[in-house]
Amino acid sequence: MKKILLAPSLLSADFSRLAEEIRDVEKAGCDLLHVDVMDGHFVPNLTIGPLVVKAIRKVTKMPLDVHLMIEEPVRFIAEFKKAGADWITIHVEAEKEVGKTLREIRNLGAKAGLSLRPKTPVQELYPFLDDLDLILVMSVEPGFAGQAFMPEAMEKVRLLRPLFSKLISVDGGVDPKTAPLALEAGADVLVAGSAIFGKKERGQAVAEFREIAKKFS
């Protein structure tokens, strides 16, 4: 039976009460925590760094899925691993030596992920499939929360599924209405921001996703 993993995106949390927010989604039954790191260069926004990841690590047992939307991520992967990242995902567009960086992530003891913007051809990932534990398909332009889901991005999931037996994650605009599109295409991980953190009753929000996932398990 296929297990669908639910990863609330920290970008949509209330940062004034971050520890409480994290404990709330963990109690609700989420599987891992998606942590977006942005540098203001690769994407037009700034978020958090290793110090915040270190603080997050202290308040949860959930695996930390750290998504590096930064230029030349190889410069920082050791710091994020030391801070507590379990998964480190980089962008194929942001690193000159993608394969070498992915192998370095694994050598550090983290699981390696690779992502791509919606307009980047999926074939850009093909040379690196053997070095990956996770593929992150963006269904919005990276950089900001609250964008509308791009259903056309699911064609990438369909193309990747026969080629890649490990985890395929979908990130951007995922909610109970769009989740079936991602799952039908073959996704294993749903990254959801406002659809979880934006709800008062997180347990109810998670339960709704679980009911949807049962149809694709």
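View 1. Of the contacts (heavy atoms within 4.5 Å) with a separation of 6 or more in the chain, 64% join residues 24 or more positions apart. The model is predicted: local features need pLDDT of at least 70 and side-chain atom pairs pLDDT 80 or more, while totals for chains, interfaces and linings use all residues. Residues are numbered from 1 along each chain as its sequence is written, and side-chain values use heavy atoms, without hydrogens and water.

**View 2. Overall fold and dimensions.** The chain contains 8 helices and 8 strands, taken as DSSP runs (H or I, at least four residues, for helices; E, at least two, for strands).

**View 3. Burial.** Of the 217 residues in the chain, 53% are buried, that is, under 20% relative accessible area with a 1.4 Å probe, protein chains only.

**View 4. The largest cavity.** By the grid rule there are 3 cavities of 30 Å³ or more, a cavity being a set of points on a 1 Å grid over the protein atoms alone where a 1.4 Å probe fits but cannot get out. The largest holds about 40 Å³, the volume being the space filled by probe spheres set on the points, which are joined across faces, edges and corners. L5, L32, D65, W87, L134, L167, S169 and V189 line the largest cavity, each having an atom within 4 Å of a point. This lining comprises 6 nonpolar residues, 1 polar and 1 charged.

Notes. On a 1 Å grid over the protein atoms alone, a cavity is a set of points where a 1.4 Å probe fits but cannot get out, and a pocket is an open set with protein on both sides within 12 Å along at least five of seven lines; lining residues have an atom within 4 Å of a point. Ala, Val, Leu, Ile, Met, Phe, Trp, Tyr, Cys and Pro count as nonpolar, Asp, Glu, Lys and Arg as charged, and the others, Gly among them, as polar. Buried means under 20% relative accessible area, exposed over 50%, partly exposed in between (1.4 Å probe, protein chains only).
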